Amino acid sequence: SMLFNQNEGQREQLAKWQESARLSAAINTNSQWLATQSSLYDGRLRTLIGLRFDKISVETSLRKSSLFGDGSSDIYVIGSNGEKIYLTADQINQKQSEQYTKASPSLGALYWLSNKVGIFANYAQSIESPTGQERTPLGTLPDPEIGKGLEFGMRYSTPDNSFDAQLAYYAIEKENDNEFSYSNLQLLEIYPYEEIIGIPDDPLTEDIDETVIGSHPELIYIYNTTNSPRLNGATMPGRRTDGDVTLSKGIELDINYNPTRNVNFIASINHNIDNKILKVNPRVQTWLDDNGYDKNELYFLPGRPDFRGSITGKYSFKSGKLKGLSLGLSQHYRSGSNIGKYYFYFDADGELLNINDIKGNDNVFNAADEAKIDRSKTQELYIKSRPEHNTIGFINYNNFFRSNGKKYKYSINFRVNNLFDISQFINRSNYGTYRESRTYHITTKIHF
C-alpha cells in the first residue's frame, strides 16, 4: 500500500507513537520470620537468633514492540540453515514464570561491659525480590539478589537513654546485584552462538549432515550473523547475567541525642573503606584468565561514595493543644563518586594514540596493533561527580480517633525535599542525572 499520496506529500497511512517494549510483571512475596531472644547474666548479655523464610513468585512478559510489533502473532525467523522457525506467542512475548525460595538466618549478640559501654556482633542473610523487568540476553529472568552481612562494634548508652552512640564495622557481600555490566564480547562468552543457536550444515560436505541444533535456535535474531556471529545489543531482551559477587566494607557511626524531652538529634556518618569484585561469571573469568586481565582492573563499581552523612533535628510537642505535632530539618551529604572509567594509550615515545592510530584503516584490532601500545604508559582516568548536599524539611502529626468504641491511630506527614532548590548533576551507579527541583510530599496513614 502507498505510504504517501502521490505529489501531495501527505501521509496515506496514519502514523502512531509506539513504545519500544511492552512489559508487565506480577510479583508475589510471602515471608515468615521466626526469632528467639534471650537475656543472660542479669541482662548484660542479650542474643537474637532468627530465621526468615521467603517464597517469591514472578509472572512477567516482555514484548519488544520495536522488533515484533504490537499485535501480530504470525512471526517467524530464518534459522541458521535457512529454514523458517515460527515463534510461539510465549516466545514473542517472552513470558516467564519463576519461583524462588530461601531460608535466611540471622544471629546477633550484645554484651554490656559496664552500664554504659557494650560490644555487639550481627550476621544476617537476605534475598531481594526481583523486579521482573530485567532479562538476560536469552529473555530469561536473572536470579534474585542474595546478600550476606557481618557487622561488629561498640555501643555507648547513658542509663536515661538521653545519649546513644554506636560505632560499627561492616562487610556486605552481594550476589547477582547487577553493579557492573559486561561487553557484548564477554556476553558472547556466556551465550555462545554455537551453543544457543547451533552449528549449520557445511554445504561443501554433501554426504555428511553436520547440523547441530542449539538450545534455543529461535533466538537467532539476538545475533548478528554477518561474518562471525556476535550479539546484537538492539535486539537482545536484556543484558543481565548470574554469578557476580561483590563485597563492600565500611565504618559507620550513629548518634542519637535527646537533650530534652522535646528535642531529638540523630546523626550518621558512613565511610566506605573498600569495594571489590569477588566473582564474575565463570565463563567470563576463563576469558579474563586467557587474556591476562584482572577482574578488579577491568571492571569497577561505579557510584559508590567514600563518605555519606546526615544530621536530623526534631522538636516534638508532648502536651497541650499541639500534642502529637513534630517538625524538623534534615541535612544530607554524599561525597563525589566515579561515573565512568576511561583508558588513554601511548606508544613507546609517550605519544597519545587514538583509535585510528591503533586499528588503522581496517578498523580491526590485531597483534600488530597491540605492538603499537606501550601498556606501561597506559593511564586510567575517571569521571567523578561533585559532592551532594540536600536539605529536607518536615512536619508530622500523630493522633487518634474513636469509632464504635474502637481506637484508630492516624498520621499526617508533610515533607519538602531539596528545600533550597539546588540544581546539581548527581550520579547513581553508572549513570548521571540532574537532581529533582524542590518537591513537596504529603502522606497520610490510618491504622485499623
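A salt bridge is counted here where a side-chain nitrogen of Lys or Arg lies within 4 Å of a carboxyl oxygen of Asp or Glu. By that criterion D177, E179 and R304 are linked in a network of salt bridges, and the structure as a whole holds 10 salt bridges. The model is a predicted one, in which local features need a pLDDT of at least 70 and side-chain atom pairs count only at pLDDT 80 or more, whereas totals for chains, interfaces and linings use all residues. Residues are numbered from 1 along each chain as its sequence is written, and side-chain values use heavy atoms, with hydrogens and water left out.

The pLDDT, which is the predictor's confidence in each residue on a scale from 0 to 100, averages 88 over the chain, and 92% of the residues score at least 70. Over residues 1–5 the pLDDT is below 50, and this stretch has 13 contacts in the model beyond near neighbours in sequence, a contact meaning heavy atoms within 4.5 Å. Where pLDDT is low, the predicted coordinates should not be read in detail.

Among the salt bridges is the one in which the side chains of E145 and K174 meet at 3.6 Å, N to O. This pair links distant parts of the chain, with E145 in strand β7 (residues 145–157) and K174 in strand β8 (residues 163–175), 29 residues apart; helices (H or I, at least four residues) and strands (E, at least two) are DSSP runs, numbered from the N terminus. E145 is buried at a relative accessible area of 17%, while K174 is partly exposed at 33%, where buried means under 20%, exposed over 50% and partly exposed in between (1.4 Å probe, protein chains only). R155 forms a salt bridge with D164, the closest N and O atoms being 3.2 Å apart; here R155 is partly exposed at 27% relative accessibility, and D164 is buried at 17%.

A further salt bridge brings together the side chains of E388 and R334 (3.6 Å, N to O). Because E388 lies in strand β20 and R334 in strand β16 (residues 325–334), the pair ties together parts that are 54 residues apart in sequence, and both E388 and R334 are buried.

Strand β20 (residues 388–403) pairs in the antiparallel sense with strand β21 (residues 406–417) over 11 bridges, two strands being taken as paired if DSSP finds at least two bridges between them. Within this pairing, Y397 has I412 of β21 as its bridge partner, and in the hairpin, which has 2 residues between the strands, N404 takes a positive phi near 55°. Strand β21 is also joined by 9 bridges to strand β24 (residues 439–447), again running antiparallel, and F414 has I442 of β24 as its bridge partner.

Elsewhere, an open sheet of 3 strands has the order β18-β17-β19, with antiparallel pairing. Since β18 (352–353) and β19 (379–384) stand at the edges, each with a single partner strand, one side of each is left without a neighbour in the sheet. Strand β17 (residues 338–346) is joined to β18 by 2 bridges, and F346 stands opposite L352 in β18. I358, in helix α7 (residues 355–359), is buried with a relative accessible area of 6%, and its C-alpha lies 7.6 Å from that of E370, although I358 and E370 are 12 residues apart in sequence.
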